[in-house]
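Hi,

Here is the structure I said I would pass on.

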Amino acid sequence: MTIILFDDASRESLFPLTFTRPVADLRVGILTIAEKWERYYSQKPYFRTAAYLQEKYPFASSHENLLINGAICPEESILESIDRLDQGVALMKEGTLLAIKLPQSEAESFSSSKLSAYETREHTGSFTKVTFPEDIFKYNDDEIRRDFRLITAGRTSGKISGTNTLLGDDIFFEDGVEVECSTLNSKDGPIYVGKNSAIWEGCNIRGSFALCHDSQVKMGAKIYGKTTIGPFSRVGGEINNAVVWGNSSKGHEGYLGNAVLGEWCNIGADSNNSNLKNNYGEVRLWDYRKENFRRTGLQFCGLIMADHA
C-alpha cells in the first residue's frame with residue numbers, strides 16, 4: 001500500500017512556513033511529520049501538495065493507497081482507527097478529514113475538499129493537528145516525548161565523557177556524540193542528542209530537548225525545555241520553547257523563545273526575540289489568507305521565520 005500525505009486548508013493557514021514545503025515536511029518534536037509516518041509504516045511516503053512543490057516532493061500512487069492528512073501527527077489511537085478503515089471510507093474528526101483508503105484512479109484525482117461521494121466514519125480518539133505556525137512550538141513538548149519513545153524503544157544510549165552532570169534517566173545519545181563539562185537535566189522531560197552532534201563546554205540544558213544529527217550547541221548556552229534544534233544547525237545564547245528546523249544558525253548571545261525558524265536561516269549576534277507584549281496582552285500574528293492580523297490566544301508568542309531568512 002502506498003502512503004500519500006496530502007495538504008488540506010491548513011497549508012494556507014501555515015504560511016509563510018509552507019510556501020516552500022508541504023505541511024508534512026514541518027518539523028515538530030524530533031522528527032518531521034512525514035518522518036513520523038515513515039517510521040510507523042516502514043516506508044517513505046509521497047506527497048499531494050501544491051503543483052510547484054511536487055517536483056521536490058513527488059506524488060505517486062499504486063493499486064492501493066492510504067491518504068493521510070499531512071498536518072496530523074501520528075499517535076496510537078489514530079493508527080488503530082486507520083488500520084480498521086475500509087476502502088472508500090473517510091476517517092473524520094470534528095469536520096477534519098484524517099485519512100482515506102482509495103484505489104489508484106481515485107487517489108490520483110483526490111481532493112480533500114470533495115468528500116460527498118464517500119462514506120464517513122468518526123474517529124473517537126484524540127489527535128494533534130498542526131494548523132497555525134504557533135502550533136509547532138505549542139505541541140513541541142508532547143511531540144518530543146512521543147518521538148523519543150519511538151526512536152529509543154529497545155535501544156541502549158551511547159556513552160559520553162564523565163566531565164558532565166546528568167540528571168534524570170531519560171537521556172539518549174546516538175553514536176558520535178561529544179559532550180563536555182555540561183549539565184543535562186531530564187527530570188522535566190527527555191533529552192535526545194543525535195548522531196555526530198556536539199554540546200560544547202559549560203552548557204546548561206533542560207528537557208524536553210532534542211538536538212538532531214550533525215548539530216552543535218556552543219559554549220555556555222542556556223536551553224530551556226520544549227526545544228528542538230534540527231540537523232546541521234548551530235546554536236548558542238538563551239533558547240526557550242523554540243523549534244529550529246535545520247541548516248540554520250543562532251550561534252551567538254541573545255534570546256529566542258516561543259519561536260519557529262525554518263531552514264537556512266541566520267540570527268545575528270546579540271539579537272533578541274520578544275515573545276511578550278509590553279502590556280502582557282494576547283499576541284496576534286499576520287494571516288496571509290485574510291491579509292490581516294489573527295488572534296493566537298497566546299500571551300507568549302515570538303518569532304516565526306520561514307526558510308532562507
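**What I found**

Trp286 sits in strand E24, which covers residues 283–287. (Helices, H or I with at least four residues, and strands, E with at least two, are DSSP runs numbered from the N terminus.) Before going on, two notes on the source. This is a predicted model, so local features need pLDDT of at least 70 and side-chain atom pairs count only at pLDDT 80 or more, while totals for chains, interfaces and linings use all residues. Residues are numbered from 1 along each chain as its sequence is written, and side-chain values use heavy atoms, with hydrogens and water left out.

Back to Trp286: its relative accessible area is 40%, so it is partly exposed. The cut-offs there are under 20% for buried, over 50% for exposed and partly exposed in between, with a 1.4 Å probe and protein chains only. Trp286 also belongs to a nonpolar surface patch of about 540 Å², together with Phe19, Tyr52, Tyr288 and Phe293. Patches are built from residues with over 30% relative accessible area and no salt bridge, joining like charges within 9 Å and nonpolar side chains (Val, Leu, Ile, Met, Phe, Trp, Tyr) within 5 Å. The areas come from the Shrake-Rupley method with a 1.4 Å probe, and for residues only the protein chains shown count as cover.

**Salt bridges**

Side chains of opposite charge can pair when their charged atoms come close. Counting a side-chain nitrogen of Lys or Arg within 4 Å of a carboxyl oxygen of Asp or Glu, the model has 19 salt bridges. Here are three of them:

- Lys36 pairs with Asp147 at 2.6 Å, N to O. This pair links distant parts of the chain, as Lys36 is in helix H2 (residues 33–41) and Asp147 is in helix H6, 111 residues apart. Lys36 is buried because its relative accessible area is 1%, and Asp147 is buried too, with 2%.
- Arg27 pairs with Glu35 at 3.9 Å, N to O. Arg27 is buried at 9% relative accessible area, whereas Glu35 is partly exposed at 30%.
- Lys138 pairs with Asp135, with the closest N and O atoms 3.5 Å apart. Both lie in helix H5 (residues 134–138), three residues apart, or about one turn of the helix. Lys138 is partly exposed at 39%, but Asp135 is buried at 4%.

Shared partners also join Lys36, Glu75, Glu143, Arg146 and Asp147 into one salt-bridge network.

**Helix H6**

H6 runs over residues 140–152, and its 13 residues reach 18 Å from first C-alpha to last, close to the 18 Å expected at 1.5 Å a residue. (The expected span is 1.5 Å times one less than the number of residues.) Its buried residues include Asp141, Ile144 and Phe148. Gly154, with a positive phi near 75°, follows the helix.

**Two loop residues**

Ser208 lies in the loop between strand E15 (204–206) and strand E16 (209–211). With 1% relative accessibility, Ser208 is buried. Its side chain makes a polar contact with that of Asp141 at 2.6 Å. (For a polar contact, N or O atoms are within 3.5 Å; within protein, one must be able to donate a hydrogen and the other to accept it, and residues adjacent in sequence count only if both atoms are side-chain atoms.)

Asp8 is in the loop between strand E1 (2–6) and helix H1 (10–13). Asp8 counts as buried at 18%, and its side chain makes a polar contact with the side chain of Asn69 at 2.9 Å.

Cheers
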